[in-house]
Amino acid sequence: MTTTDSESLHATVDERRGRNGGSRKDPGRRERIARAAISVVAERGIEKITHRAVAAAAGVPLGSTTYHFATLDDLLAVALRQAAQDNVAELREWADGMDSGVDLPAVLTDLVLRYLGPERERTVVEHELYVAALHRPALRAASTEWDGALRDLFTAYTDEVSGKMLAAVFCGLLWQGIVREPLPDRDEIETIFRRAVGDTAHG
């Protein structure tokens with residue numbers, strides 16, 4: 001018997017009854033479970049995530065997680081999608097707050113340093129979920145959606161080719177930054193972005 005099968009057998013009677021009306025009583029439960037899965041990955045890592053741990057983190061019965069997400073891959077996929085949605089929503093808010101004449105390479109540098117500094121733990125978790133798609137086919141659609149959303153975001157403020165390039169550079173700098181010691185300095189990051197947007201006036 002698999003871990004998922006065993007956990008499913010322990011679903012509570014109340015949760016089973018809730019299949020007909022539980023979601024209406026608690027419409028935010030699915031999202032809460034997804035966010036709890038992200039926090040469990042942050043604490044334990046991908047390989048140690050379980051339905052039981054996520055249920056405890058979300059403050060819901062075990063049967064609620066196995067009802068909404070039959071397998072751990074289902075749970076991880078929605079966690080990845082939630083992390084991507086949160087990340088892209090934050091980036092859109094950031095972009096909407098930019099002035100029309102903003103120095104794009106400079107503000108992109110600020111953003112990378114924020115993700116590698118104060119928000120480093122979240123960045124690591126997001127990338128851990130992303131890389132899990134290499135060996136978990138169920139996660140690949142969510143990872144592709146994330147890539148597409150980032151590309152579309154940058155394209156909206158530049159052009160199609162530049163948007164794709166900036167998305168690739170942005171993601172690459174984050175990947176390097178979470179494994180590299182010491183972190184790249186501001187001048188290095190900003191120079192890379194300036195070259196990417198064809199700005200050679202600053203060096």
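User: How many cavities of 30 Å³ or more does the structure hold, and what makes a space a cavity?

Analyst: The structure holds two of them. On a 1 Å grid over the protein atoms alone, a cavity is a set of points where a 1.4 Å probe fits but cannot get out, and residues with an atom within 4 Å of a point form the lining. The model is predicted, with local features needing pLDDT of at least 70, side-chain atom pairs counting only at pLDDT 80 or more, and totals for chains, interfaces and linings using all residues. Residues are numbered from 1 along each chain as its sequence is written, and side-chain values use heavy atoms, leaving out hydrogens and water.

User: Which residues line the second largest cavity, and what is the make-up of that lining by class?

Analyst: This cavity has a volume of about 40 Å³, a volume being the space filled by probe spheres set on the points, which are joined across faces, edges and corners. Its lining is formed by Trp94, Met98, Leu104, Leu153, Phe154 and Tyr157. Ala, Val, Leu, Ile, Met, Phe, Trp, Tyr, Cys and Pro count as nonpolar, Asp, Glu, Lys and Arg as charged, and the others, Gly among them, as polar. The lining of the second largest cavity therefore comes to six nonpolar, no polar and no charged residues.

User: What makes the largest pocket a pocket, and which helix gives the most to its lining?

Analyst: A pocket is an open set of points with protein on both sides within 12 Å along at least five of seven lines. The largest pocket has a volume of about 260 Å³. Of its 17 lining residues, Tyr130, Trp146, Asp147, Leu150 and Cys171 are the closest to the centre. Helix 9, helix 10 and helix 11 each supply at least two lining residues, and helix 11 gives the most, with seven. By class, the lining of this pocket has ten nonpolar, three polar and four charged residues.

User: What counts as a helix, and how many helices and strands does the protein have?

Analyst: Helices (H or I, at least four residues) and strands (E, at least two) are DSSP runs, numbered from the N terminus. The protein comes to twelve helices and zero strands.

User: Why is glutamine 82 called buried, and which residues is it in contact with?

Analyst: Buried means under 20% relative accessible area, exposed over 50%, and partly exposed in between (1.4 Å probe, protein chains only). Glutamine 82, in helix 7, has a relative accessible area of 9%, so it is buried. Contact means heavy atoms within 4.5 Å. Leaving aside neighbours within four places in sequence, glutamine 82 is in contact with Glu31, Ala34, Arg35 and Ile38.

User: Why does glutamate 190 count as buried?

Analyst: Glutamate 190 lies in helix 12. Its relative accessibility is 17%, so it counts as buried. Not counting residues up to four places away in sequence, glutamate 190 touches Pro105, Ala106 and Thr109.

User: Why is aspartate 103 classed as it is by accessibility, and what polar contact does its side chain make?

Analyst: Aspartate 103 is in the loop between helix 7 and helix 8. At 32% relative accessibility, it counts as partly exposed. A polar contact is a pair of N or O atoms within 3.5 Å; within protein, one must be able to donate a hydrogen and the other to accept it, and residues adjacent in sequence count only if both atoms are side-chain atoms. The side chain of aspartate 103 makes such a contact, at 2.7 Å, with the side chain of arginine 194. These two residues are 91 apart in sequence and 9.7 Å apart in space, C-alpha to C-alpha.

User: What caps the N-terminal end of helix 11, and what covers its buried residues?

Analyst: Aspartate 159 is the cap, with a side-chain oxygen 3.2 Å from the backbone nitrogen of valine 161. The buried residues of helix 11 include Leu166, Phe170, Cys171 and Leu174. What covers the buried residues includes helix 7 (72-96), helix 8 (104-116), helix 9 (120-131), helix 10 (140-156) and helix 12 (186-196).
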